[in-house]
Amino acid sequence: MTIKKIKEKFVESIIYSCGTFTTLAVLFIIVFLFKEGSGIFQKTALEEGYSLAVNRYNPVSKLSPEQIKSIIEGDIHNWHQLGGNYDSVYIFTLSDIESKFTQEELGAEFEHLKEKITAYVESNTGVLAFFPSKYVDASLAKIDVDKITLASILKGKDWYPTANPAPQLGALPIVLGSIMVSLGAIIIALPLGVIVAIFLAEIAGETLKNVIKTVIELLAGIPSVVYGFFGLVVLVPFVQQLFDIPVGETALSGSILLALISLPTIISLSEDAISATPQELKNASLALGANRLQTIFGVTIPFASSGIISASILGIGRAFGETMAVLMVTGNAAIMPKSLLEPVRTITATIAAELGEAPTGGIHYEALFILGTFLFVFTFAVNLIAEFFAQKR
Amino acid sequence: MLPLMQLEIEAYMKRNPAQLNVTGGGSGVGITSLLEGTVDIAMSSRELKMAEKLKFEEKGKKLIVMAVANDALSVILNPQNPIKQLTREQLEDLFTGKITNWKEVGGDDLRVVVYTRESSSGTYEFMKDHVMNKKEFTKTAISSSATAAIVYATSQTKGAIGYVGIAYVEPIVKAISVSYDGGQKYIAPTFNNAFNKTYPITRPLFILYPLEKEKLVKPFIDFLFTVYGQKLVTHKGYIPLK
Amino acid sequence: MHKNIVEKIVFQFFGIVTWFVVAVVALILGYIIYRGVGIISWNFISQPPINGMMEGGILPAILGTLALILGSCLLAFPIGILSGVYMNEYAPKNIFKKFIGMMTNNLAGIPSIVFGLFGLAMFVNFFQFGVSILSGCLTLAILIVPVIIRTTEESLKLVEDTYRLSSYALGASKFETVFRVVLPMAFPNIITGLILSIGRVAGETAPIIFTAAAYYLPQLVLSLGSPVMALPYHLYVMATSGIDLDKSRELAFGTALVLMAIVLLLNFAAGGMKLYFKQNRS
């Protein structure tokens, strides 16, 4: 073989390895994301490595995370409310230890902690003790807490991932928050985008079209954090004053920014779809006596409809995955969204705000990865659907 | 604590040929990073949780925790809000969402809007433990990842209530007096009241580092306790140790 | 005639709507320029922040962003282009290829925070690179590789088969055809895609929050293993933290302007190249 052939083969092998590498990488990323979060399904809603112990005469043996939260909040204060005996619930945790016992009693390395806990639980019928498992004697009666399931994460309404002793991992308000701002964005952006697309494709002259397209491209280039900053200093006060509401950090502000962010995508893809309408169809319509407007609405739009639908679905996907802009203007309150004029919390903002403090491998960390996986799967599905519609032409 | 540490680092680097850098995110982030070993020093505006102490012990990391300054946690309201003082119980009810309208505490007929930090913040945890009796913040609270945002938002929102370290209080918001004895005596969050600990919501600000890194970090730690280091504390609006 | 009047009105309306959108763009750009231009000075660009980031400049953030761009592009460009070449020219056109092609396309649309998550788990934690330029560049590279692959594929597809067939007819090997004929023709479009990717990397915040970004790191010469300041993160920090909000707001506007200028210049360059090559072609 000549030197040239060897060189060629060499470069081609690099190409093959790149291709294979990328293929593997794609699959790897997907798998890795799932893996990081899936550990959570082995865990219960109780903080890891911790146990809940009760007095042996307490018949209650199971608690849900919501019940635990109610106990902490004081809404449940008697075992009677949980189906047990008529006894006040007394919570006994690590922070109580420091006020009840001196360091000497506990031992310099907490050697005596276990016996102290056991003694305390045995002598108080209403106690609910929450301690790391290694300090809880095996002989004490334990409370079971349900394992975390995907359903419990997606259906739960309370998102308090750092709550003690039971983190509340109900992501429903967050998921709905993401959906609400994205839908709001499309409601604003779709009509605007299609109108602009029609104008560019059918009405505007060539030079005007190029000028406007350049301007729209500028919109596409602005980084999301700049949008967020603009939203924070201009949009949020504006929304607050316009609607005379207590705060301007609302889902609406988020939707408006997201609409701006997805507008270039919708406009350019819709414009492509509209321009692709065959001239013969349009000529036929005009020949039949329709004017340009009737042709647009009677022929062009229907023909381009699948392309337009594809563009809007992609826009939704883009809006759903936006992070910085919504983090800065939506107020980040994890409530069930009831109106556009209230603060809301999105999946992306939750991940961005909370990931830094979640210890690797902990329950909070894994919950955030589950959210991330959900985000990934959702955007993936959205892109597939959009592609389906795009192929329909 | 971030602005304070940043200033200290800047001053220290002017005087010493060392390279330091700092990142924020809240006390939770710092402690986690220290646990993971990605940082050498962590700042915390709250005590270590027992769970965290145990985690460090599991990893075999002996921790040195030192208070470098004190802080008075101020509750701030919009300047147009006529309320000037509140009891701890009222604060608890306001922040947990039990009270939803200012008229319930003698103010105007205005919806209460709670501003809070994210759960990674030491200030957040401190408020929960010491002011709210370990209850959770209301779900409708607006979360910010930084204190300055709370100050700004409170100044813009008539019904707002927020909490910030004394160093962050600006004339655009109103810091109210607090009573921990059921309304007998209300104490204002001033420098002096914090310094002699009469203001009830005072807290130490901590620096943590693993014993194994002591040689590395000691010069900087010592700097924090020098006269100049403590002067910077006051300069930034916090309370020095002595 | 009635329907023609309706047509006139509707077309006018569409025009107004379009101008409205243009006005919004102008508003956003104009406002940032207006508030930020007063801060921009040689000092701002060439000095690090001082006095608790209340004053001074943003040099470390600019350099940091440049470092991230350099690193991620060095990684992503070769891999992306060559993979794109593989996909379009070499890969057997079976269902497996279609599947991978679909996966890659969709990966291009995945939210950037998901890449941040992946970068944290893989590079910062698993490989123990820590929060560093290395982790950041790797994460950003993974972010743009799918985009580059897609742009390369599309650009190659635009090259008509007649060119390939003629090349084979003249006795050229596959390698020669791809690298001497097809790729040079596709290059203008590929370059456009590359320039746009640079813009993307410069402006992304979510992938670097947990993998590379530092709040305050004024040193200018850094190693691969240290964190780094970056413009988008610096803007976020200036916009939301700090003690004196009035002062930091002004600096934030300056940062926003610098960031926007860089990104928009890159976009203009890409657009300009496209036009230039379009005209040259015909």
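Contact is defined here as heavy atoms within 4.5 Å. On this basis, the contact between chain B and chain C takes 23 residues from chain B and 21 residues from chain C. The structure is a predicted model, in which local features need pLDDT of at least 70 and side-chain atom pairs count only at pLDDT 80 or more, whereas totals for chains, interfaces and linings use all residues. Residues are numbered from 1 along each chain as its sequence is written, chains are lettered from A and ligands numbered from 1 in the order in which they are written, and side-chain values use heavy atoms, with hydrogens and water left out.

The size of an interface is often given as the accessible area lost when the parts come together. Buried area is accordingly taken as the accessible area (1.4 Å probe) that two parts lose on being put together, summed over both. Between chain B and chain C this area is about 1,900 Å², of which carbon and sulfur atoms give 54%. On the side of chain B, the residues B:Q6, B:E10 and B:N21 lose the most area to chain C, together 24% of what that side buries. Between chain B and chain C, 1 residue pair is in polar contact, with both residues at pLDDT 80 or more. Secondary structure follows DSSP runs numbered from the N terminus, helices being H or I with at least four residues and strands E with at least two. Two or more residues of the side of chain B that touches chain C come from each of helix 1 (2-15) and helix 6 (147-156) of chain B; helix 1 gives the most, with 7 residues.

Chain A also meets chain C, through 78 residues of chain A and 75 residues of chain C. The area buried between chain A and chain C is about 6,800 Å², and carbon and sulfur atoms give 83% of this area. Helix 1 (residues 3-38) of chain A gives the most to the side that touches chain C, with 21 residues. That side of chain A divides into 54 nonpolar, 16 polar and 8 charged residues, where Ala, Val, Leu, Ile, Met, Phe, Trp, Tyr, Cys and Pro count as nonpolar, Asp, Glu, Lys and Arg as charged, and the others, Gly among them, as polar.

Chain C itself has 11 helices and 2 strands, which run α-α-β-β-α-α-α-α-α-α-α-α-α from the N terminus on. The C-alpha trace of chain C spans about 70 × 70 × 35 Å along its principal axes. Of its 282 residues, 60% count as buried (under 20% relative accessible area, with exposed over 50% and partly exposed in between; 1.4 Å probe, protein chains only).

Within chain A, A:H364 lies in helix 15 (residues 363-391). A:H364 is buried, with a relative accessible area of 6%. A polar contact of 2.6 Å joins its side chain to that of A:E354.

Technical notes. A polar contact is a pair of N or O atoms within 3.5 Å; within protein, one must be able to donate a hydrogen and the other to accept it, and residues adjacent in sequence count only if both atoms are side-chain atoms.
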